[in-house]
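Subject: Structure handover

Hello,

Here is the structure for you to look through, with notes on what was found in it. Please keep it open while you read.

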Amino acid sequence: MRYASLASGLAVLAIGGCATTEPTSATAPVADVAPAAAEDAKLDAIEPTAEAISVGFAGQDPADIARYLLANGAQAHALSPTGDTVAFMSSVTGQRQLWTVPASGGQPAQLTFGNGVTFFSWTPAGDTLVYGADNNGNEQESYYAIAADGSGEKELMPAVAGGFRSFGGFSGDGSTFAYSSTERNGLDFDIYVADAETGDSERVYEGVYGFFVAGVSPDGSTILMSETVGEDSDNLYLLDVDTGETTTVSKPDPRANHIGGGVAWSADGGSIYMATNLNYEFSELVRYDIDSGDMTSLFAGDGDVRNVNLCAADDKYLVWTVNEDGFSKLHAQNLSTGDMLETPELAEGVYSLSCATSTPQLAIRVNGWATPGDVLVWNMETGAVAQTVTSNLAGLDADRLVRPESIRIPARDGVELQGLLYLPDASSRVDDGPPPVVFFVHGGPTAQSRPSFNGVIQYHVDRGVAVFQSNVRGSTGFGRTYVTLDDQEKRLDSVRDLVDMADFLRADGRVDMDRAAVLGGSYGGYMVNAVLANYPGVFKAGVSLFGVADWITGLEVASPALKASDRIEYGDITDPKWREFYRVNSPIRQVDAINVPVLYSHGVMDPRIDIYETEVMVRALRANGVEAPYIRIPDEGHGWRKLSNRLFYYRRQAEFLERVLGETPAE
């Protein structure tokens with residue numbers, strides 16, 4: 001996945017490109033040179049400077065964007081195995097750090113203070129956490145172990161040049177953990193088992209492209225190993241750690257997703273619970289019996305199962321969520337009786353779950369359009385619910401936050417599309433006519449715009465600008481077929497979906513499509529370039545964050561994490577057929593058709609999409625006399641993590657959009 005969302009601010013979007021125009025001789029040669037050789041002259045760019053937060057008064061109408069970026073809560077979270085402590089990530093300090101708080105609620109304690117944390121995991125004993133940190137977003141992590149009370153910390157594994165890692169999980173006794181890494185050759189992900197005390201590791205499986213740890217058996221003898229098959233699917237194998245022998249669990253044709261909804265290994269080691277769309281349009285909850293190889297369906301509905309977890313001693317409770325039109329619904333079952341539990345009342349939004357292994361407790365993180373990240377701990381025996389982490393709205397009026405409306409839209413070829421529409425209320429409107437609108441296109445491409453909290457969206461809406469989050473074909477959450485409708489040549493249909501959505505909203509009349517912009521990051525940034533080039537006249541402006549300009553160079557220099565899936569999603573760029581396809585169907589080859597202002601940005605440390613991809617578009621547009629402001633951020637990678645950079649960038653984004661769309665709220 002190139003990128004699904006930007007931390008604490010921008011849920012961005014993705015789609016395909018349709019080529020109808022050949023480039024001029026002035027721009028064509030640029031697409032055929034390697035990124036390092038593109039141009040010697042330094043490109044004129046804006047770089048962030050230190051700025052005051054300047055939140056203004058809480059009742060100010062509208063507030064500065066800083067308040068919307070400061071509105072926060074728990075990010076990733078995990079309940080300790082004993083159920084007494086919740087660990088979570090938060091960017092409240094300006095960088096993503098690791099915190100703990102008693103499960104019953106109380107004062108959170110900050111554990112880490114250095115470079116931003118990328119992931120964390122409790123050890124089975126619950127007295128230590130292992131976490132990762134990289135260098136300003138370069139995604140090449142070091143691993144650390146820190147005591148749960150912060151009293152001691154050590155580096156387990158230093159970063160290795162070219163070594164992209166993916167943490168897998170601990171053995172039941174906590175003596176070892178498994179992970180995957182490209183450190184052997186900088187390209188292929190192999191499987192390793194490491195000593196949890198010393199960090200010493202041994203390669204137990206040599207992979208080709210993308211092999212990852214989906215789960216570890218309680219005794220540590222077996223690894224559930226996934227092989228990436230495109231961005232939305234995987235093959236599954238059981239790997240014997242001692243012998244290196246593998247047993248195929250599932251290698252279907254056509255491909256399917258098995259681990260996207262989570263994996264839970266039973267305490268006795270005999271079963272694996274997971275969500276898969278192997279035999280169904282949506283992911284269903286199944287139990288895989290290791291001895292027999294049988295896969296038994298336990299639950300299926302009209303939405304994808306996610307967040308599969310086993311809770312309490314002897315796996316007494318099975319919990320999961322279902323994605324219903326983007327909103328999560330919680331389910332819980334007592335496995336000893338077969339009875340379904342009555343679940344607690346939760347704010348609507350997107351849920352993530354974490355179980356204790358020795359107590360009947362479930363930590364639920366709620367991230368919704370009005371909830372930046374609450375955590376509640378539910379005792380499934382007593383029914384008691386504790387508010388462990390409460391979101392901080394940074395003084396924003398919750399009544400001014402806008403709930404999105406789910407809209408179904410027919411494409412011209414009969415495919416049903418979906419999106420989320422945020423409309424300014426009367427208090428945010430500038431005039432009596434329909435408001436301008438910004439299309440937010442998610443990245444991925446296999447991702448879904450869901451009703452989670454997005455401060456940047458709420459800021460634009462409160463300034464009188466509508467936002468439409470599009471889920472074009474190829475998005476997840478709408479069935480197994482839908483996610484494949486943009487594969488390879490069919491990708492050209494998904495950019496057309498943006499046009500069909502625009503036509504629908506024009507006829508609907510609630511937004512002003514004569515004042516419409518399109519915005520996206522990563523793969524979504526590519527699609528901003530593509531739709532502006534292939535369908536001039538639909539959008540008045542664009543905002544492209546770290547997107548692809550030339551798929552030939554983009555696929556050639558992609559990080560190992562992407563190469564594993566790119567061959568299926570886009571085609572093998574070493575094949576002359578696909579080189580020719582992307583020679584024609586890359587935005588840099590169509591750049592002469594772009595005739596509206598486009599705001600560009602990119603992080604210098606980006607390991608997923610080379611900064612060349614943005615800079616070549618900026619040069620080409622400027623050469624054609626098209627306005628192309630460019631923000632280059634030296635200490636960021638694939639997205640903006642640091643509060644100072646988010647403040648600087650999103651202020652410029654808001655200024656740009658309001659200027660080009662002609663919407664200036666009365667102060």
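Strand S3 (residues 97–102) is mostly covered, with five of its six residues buried. Buried means under 20% relative accessible area, exposed means over 50%, and partly exposed is in between (1.4 Å probe, protein chains only). Helices (H or I, at least four residues) and strands (E, at least two) are DSSP runs, numbered from the N terminus.

The model is predicted: local features need pLDDT of at least 70, side-chain atom pairs count only at pLDDT 80 or more, and totals for chains, interfaces and linings use all residues. Residues are numbered from 1 along each chain as its sequence is written, and side-chain values use heavy atoms, with hydrogens and water left out.

Strands around S3

S3 pairs with strand S2 (residues 85–90) in the antiparallel sense, over six bridges. Two strands pair if DSSP finds at least two bridges between them. Across this pairing, Val86 stands opposite Val101 in S3. S2 and S3 form a hairpin with six residues between them, and Gly94 in the turn has a positive phi of about 110°.

S3 also pairs with strand S4 (residues 109–110), antiparallel and over two bridges. Here Trp99 has Gln110 in S4 as its bridge partner. The hairpin of S3 and S4 has six residues between the strands, and Gly105 takes a positive phi near 105°.

The sheet S21-S22-S23

Which strands form the edges of the open sheet? The order is S21-S22-S23, three strands with antiparallel pairing. The edge strands are S21 (305–311) and S23 (327–334), each of which pairs on one side only. From one strand to the next the twist averages 15°. (Angles run from 0 to 180 degrees between N-to-C directions, and axes are lines fitted to C-alpha atoms, for helices over the stretch in contact.) Strand S22 (residues 317–324) runs antiparallel to S23 and is joined to S23 by eight bridges.

His331 is found in strand S23. Is His331 buried or exposed? His331 counts as buried because its relative accessible area is 13%. Not counting residues up to four places away in sequence, His331 touches Phe299, Leu318, Val319, Trp320, Val322, Met340 and Thr343. Contact means heavy atoms within 4.5 Å.

Helix H2

Helix H2 (residues 455–462) packs with helix H9 (residues 643–661) at an angle of about 35°, and their axes are 11 Å apart. The residues that meet are Val456, Tyr459 and His460 in H2 and Tyr650, Gln653, Ala654 and Leu657 in H9. These residues divide into five nonpolar, two polar and no charged. (Ala, Val, Leu, Ile, Met, Phe, Trp, Tyr, Cys and Pro count as nonpolar, Asp, Glu, Lys and Arg as charged, and the others, Gly among them, as polar.)

Eight of the eight residues of H2 are buried, so H2 is largely enclosed by the rest of the structure. Those buried residues pack against helix H1 (65–70), strand S29 (416–422), strand S30 (437–441), strand S31 (466–471) and H9. At the N-terminal end, Asn454 caps H2: a side-chain oxygen lies 3.1 Å from the backbone nitrogen of Val456. After H2 comes Gly464, with a positive phi near 95°.

Two loop residues

Asp188 is found in the loop between strand S10 (176–181) and strand S11 (190–195). With a relative accessible area of 11%, Asp188 is buried. The side chains of Asp188 and Asn185 are joined by a polar contact of 2.8 Å. A polar contact is a pair of N or O atoms within 3.5 Å; within protein, one must be able to donate a hydrogen and the other to accept it, and residues adjacent in sequence count only if both atoms are side-chain atoms. A polar atom of the Asp188 side chain also lies 2.7 Å from the backbone nitrogen of Tyr209.

Glu381 lies in the loop between strand S26 (371–379) and strand S27 (385–389). Glu381 is partly exposed, with a relative accessible area of 44%. The side chain of Glu381 makes polar contacts with the side chain of Lys316 at 2.9 Å and with that of Tyr317 at 3.2 Å.

Regards
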